[in-house]
Amino acid sequence: MCEGLVVKLLRRKGVSRGAIFAAVVVIVIIFAAALLMGGRRRPSKPTTQAQGITLRVITRHGYDILDVAKKEFLASDLAKEYHIVNVEWLSVDPGEWIDIIKASANKPGKEIDVAWGGGPTLFNLLADKGYLAPMTSQKVLLASKDIPDKLAGAMMKRFDSQGRPVWVAAAISSFGFTINKKYLQKAGLPVPGRWIDLANETYAKTLPIPSIGTADAMYSTSNTRMFEIILQDYGWEKGWEILTLIGANARIYDKSGLVRDAVIRGDIGAGTTIDFYGYTAQLENPQVCRYLVPKDGSIVNGDPIALLKTSKHQEAAQAFIAWVLSPEGQKIWLNPKVNRMPANPKVFETPEGKKRSDLKAAYEHTLSLISIEFSDALASSYEFSLIQFYHWTIYVPHDKLQQAWEALAKAKLEGKISEQKFEELIDMLANPTKLQFKDPRTGEIKTFTQSYAQSINSLLFNNVDFRKKITDEWYKAAVKRYEEALKILGS
Amino acid sequence: MSSFTKRLKRELDSLTTTQLSASLFILIFFLIVPLFYMVIRAFFHNGRLSSYYFQALLSDPNFVTYPPNLNFAYMSRTSLGTFLFVGNRGPDFGVLFNSLFVAITVTVFSILLGVTAAFIMARYEFLGKIFFRVVLLIPMLATPFVNAFVIGKVLGQNGLFNYVFHDILRLLPFKVQISGLPAVILIQTISFFPIVYLNALSSFISIDPSMEEQAETLGARGFKVFRSVTLPLALPGIAAGAAIVFIISLEDLGAPIGLSGAFGSGLHQKLISFYIYSEFIGGLGSVEQVHASTYALAVIMLAIAVAVFLSIKKYVTLRQYAMISKGGRFNPRIRKLGPLGLIAVYLFLLGLVITASFPQIGVVVLAMSDWAYNGLPVPTAFTPQFMSELVSEPDVLRSIMNSLTYSSMATILMLVVGVSAAYVIARRKIPGKDALDSLVTVPIAVPGIILAVGYLLFFATFFSGTPFDPFLNPGFLLIFTYTVRRIPFTARSVFAGLQQTHESLEEAALNLGANRWRTFATIAIPLIAANVIGGGLLSFVYSMNEVSTSITLSSLKPEQGPITFYMSQVIYSSGAVGTVSVAAALGVLLMSIQLVVMTVSNYLLKQRVAFLGV
């Protein structure tokens, strides 16, 4: 009736029957597609107790872990007790976590319940921005009682002001090197034993072909952690010198997994990796690859799980968290394809846990090697500054840095310059407190001291304009000093 | 003003109105409106219209490097041997001019390779031609995520290239290490020249043989006929391909990401496309973390794409290419080759196919052998393990079905919209049609990640709860992102076909009493069928390859994810054993499906369309 009217009107306006027909065809195609898609997967109605609950989990874990976790959890008594019939995984890039959590909160039935995996940096950000809810369920508290609050200074749990946990580590990791024995042998390079070894001029012998690898702090939370360890281990100035020279020796990748790939491929002799990358490389090719924990300091890092404030199923969501932290749930890490270290050591007492005596040995070995008292508070007080400074003074001008360092290291190795001159030039290349730049707020000339890094830490995150201006300054200053060093060496 | 409306009224018959409204509806609703956010962010600073972010970019020392660094290559003796380093310390002109340099060079190389290959395929008869018809398309097939590993295995210092040419054949007295811009140019050229090839091929085939015969009757021979008759007549197709290659090279992330994966940081990252991408990836938690100058840069990239496209178009439309009759299967100008010519053709085609398909061949080898983890330049053992892992995985089938559904629906839409738009642009004199022409051409220059974010913000806010809500139906929206991102392949190819076809053929039909609809359907479409199908196929293949919006939107509802999303899930999964090989196995599956679709459509359509380019 109504359509007939529209057609008549259009006809009167001089639009032909054919035109109307074609327009209808286009619209029908679009809506047929809409119906097909929509019909296949109707928007799920808000879940009720009677229908069973679907939990939505935002995560950085891989599909292999998630597939197993979903199957095992849905079969568990806990899932049945809380009428949980499905778990939906949202594998979202860290750059969009907050956007997605926020947007989902306005979609009835699509609210996200749990966040799982992605490292403490991301979870601390969520906590600071008020997205995490304290966990109050007895089941969570019970399951996490075997997980210590801190391991060698590194947080395994974060508490709110009332002492309730807002995130708990579900897995732990250490950091070290994955080495390619064949490469090191062929290139005549020593096996590195400490972080500081990677900064040694010996590894510059093969430049312009780098023999070691690391990853940019901006894209790799695990490497950011390693850099924080080095800074605490050696202090601000010496620490940055080591970071800069490791960067100068290295190929710097933009994903931590690529470092491991390059070691396996034999492109580099040693790469900084998280432990399970190293262990899997070792399992994949035991004759060639090995994972080593550096003697001058390694910590364990907790990989958190947390309850989100947006969850409409707080109890059910906590049941899932409790399951992940329980010895039952912790078995997912023991899968020979995964090889991650559980946060809850009780899992090694289960029958499945007893079969992975190798992982248990690695777990105990890692704990025994913890040699430094790590301060999480100190690390996070300058974390964003570290990330940006590393990115803009080491990663982006990397070609210039490497060229200068190659000239310097080779001059030293060939005995062309004195030890003193060598140290002098290293100081020029790598001392952060001698890098001069203009503070965009005041116009004053500043250097990158620890206290300055702390003072701009939150500003770098919250004020994008400030960040852009100061990082431009850093980049310019860094390029300038690399070019100057090269000029001195050339003459 | 009145002449404007008069002209508009005269031009807007029912066919044109329909075609125009169909194309404008899709383009405005699914391209322009979602991108509004980007433009606002680029042009407004502190709530006021301002060029602040453009100035911020130009003051970025990374952006324009003066004086440029022109150090292309150097030799160096290291403890690992003597190496020729290409590209690792230059050239470097800064982000802006690096992108232009790469895009121009890639376009020139693609024209050289694509036109040569197309001419051989269109004009010569030789054994194995059908084989080359298929394998020349292989370089277009998708190898996302895995290509970094393959590039490392092949071009790395201990890679296959150095192993074969230095260690085994001893043809090179030194090893070669290529990175930086030259490496980007290499990777992009081998993956994009088939776009020129396909467009040039349909043009060569449509050339009326009598044109060349007349030239020969008048005494022209060999290269002169090619240069003065064949090439100019095929120019619309070649230009269409070249414009697309230029724009796609500007936006491409595959090469810089692949090279960063293989060689780490370097000058191959100093490109506009990568700069934008890394700003989005580097932020934590929220797109609020992305500096607005990034959007300004995207606007600059779009402006370059539009400018270059319009100048190519202007140059091409200065002349007439239309022919009254068309070449085809009735009287093809196909010759046999002499022995020397035959050798030259085989050497050229084999060399081209092997070089250009190395990423695809590498993916197949990774998926079926121990190449990924044996630490050697060559594979030593076959293993069916990774391919068979796919069979046990129900998600694989689902993601493939999703990919096929989205891509084929998007292709239908692209054909409707692309043919409509191209027809209006080629045949009607509507004011502002240059804008419409740019609109169906530049979407490839919109960074996928910005479009994805635009979709998230726009459709989640204004279409909440409808089938357009990305939280409910990301798959449905993917049909439209594919449509707008891949429509240029269809539109440009169809437009080139129309340019080559004389309008008088349609006028004859109109004179004989057929209305515009009938003329369009029974005269125009059959005459340009080769271009429609060629463009549609390109659009389909590139839809199956789409990564940026697929990953971002599908993460909201993984079961609606296409195969590229699933591959990203596999490759980023916690570093499990054999990840690269499993992702490669998925890549093999994806490539096989693309090949099957191309071969089947070739077979089905061959009966109706002469010498289809596929």
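Buried residues make up 55% of the 491 residues in chain A, where buried means that 20 or more other C-beta atoms lie within 10 Å of a residue's own, exposed means 12 or fewer, and partly exposed is in between, with C-beta atoms placed from the backbone. The model is predicted: local features need pLDDT of at least 70, side-chain atom pairs count only at pLDDT 80 or more, and totals for chains, interfaces and linings use all residues. Residues are numbered from 1 along each chain as its sequence is written, while chains are lettered from A and ligands numbered from 1 in the order in which they are written.

Chain A has 22 helices and 17 strands; helices (H or I, at least four residues) and strands (E, at least two) are DSSP runs numbered from the N terminus. Two residues are in contact if their C-beta atoms, placed from the backbone, lie within 7 Å. Among contacts in chain A between residues at least 6 apart in sequence, 77% join residues at least 24 apart.

An automatic or database domain assignment supplies the domain bounds. Chain A is divided into domain 1 (53–171 + 300–369) and domain 2 (175–298 + 382–490), with C-alpha centres 32 Å apart. Contact between them involves 10 residues of domain 1 of chain A and 11 residues of domain 2 of chain A. On the domain 1 side, the elements giving two or more residues are α6 (119–128) and α16 (357–369) of chain A.

A:Thr54 is in strand β1 (residues 53–59) of chain A. With 18 other C-beta atoms within 10 Å, A:Thr54 is partly exposed. Its C-alpha atom is separated by 48 Å from that of A:Trp474, 420 residues apart along the chain.

Between the chains, 72 residues of chain B are in contact with 78 residues of chain A. Helix α2 (residues 14–43) of chain B gives the largest share of the chain B side, 6 residues.

| Side of domain 1 of chain A that touches domain 2 of chain A | 4 residues | 5 residues | 1 residue |

Residues making the contact include B:Asp395 and B:Val396 of α17(B) and B:Phe565 of α25(B).

Chain B also has an open sheet of 3 strands in the order β3-β4-β6, with mixed pairing; strands pair if DSSP finds at least two bridges between them. Because β3 (73–78) and β6 (175–178) of chain B each have a single partner strand, one side of each is left without a neighbour in the sheet. β3(B) and strand β4 (residues 81–86) of chain B pair in the antiparallel sense over 6 bridges, and B:Ser76 stands opposite B:Phe83 in β4(B).

A nonpolar core is a set of buried Ala, Val, Leu, Ile, Met, Phe, Trp, Tyr and Cys residues joined through C-beta atoms within 7 Å. Of the 349 residues in the largest one, those touching the most other members are A:Val114, A:Phe320, A:Ile321, B:Ile247 and B:Leu366. Helix α8 (residues 180–206) of chain B gives the most to this core, 17 residues. Domain 1 and domain 2 of chain A both give residues to this core, so it lies between them.

Terms used:
Ala, Val, Leu, Ile, Met, Phe, Trp, Tyr, Cys and Pro count as nonpolar, Asp, Glu, Lys and Arg as charged, and the others, Gly among them, as polar.
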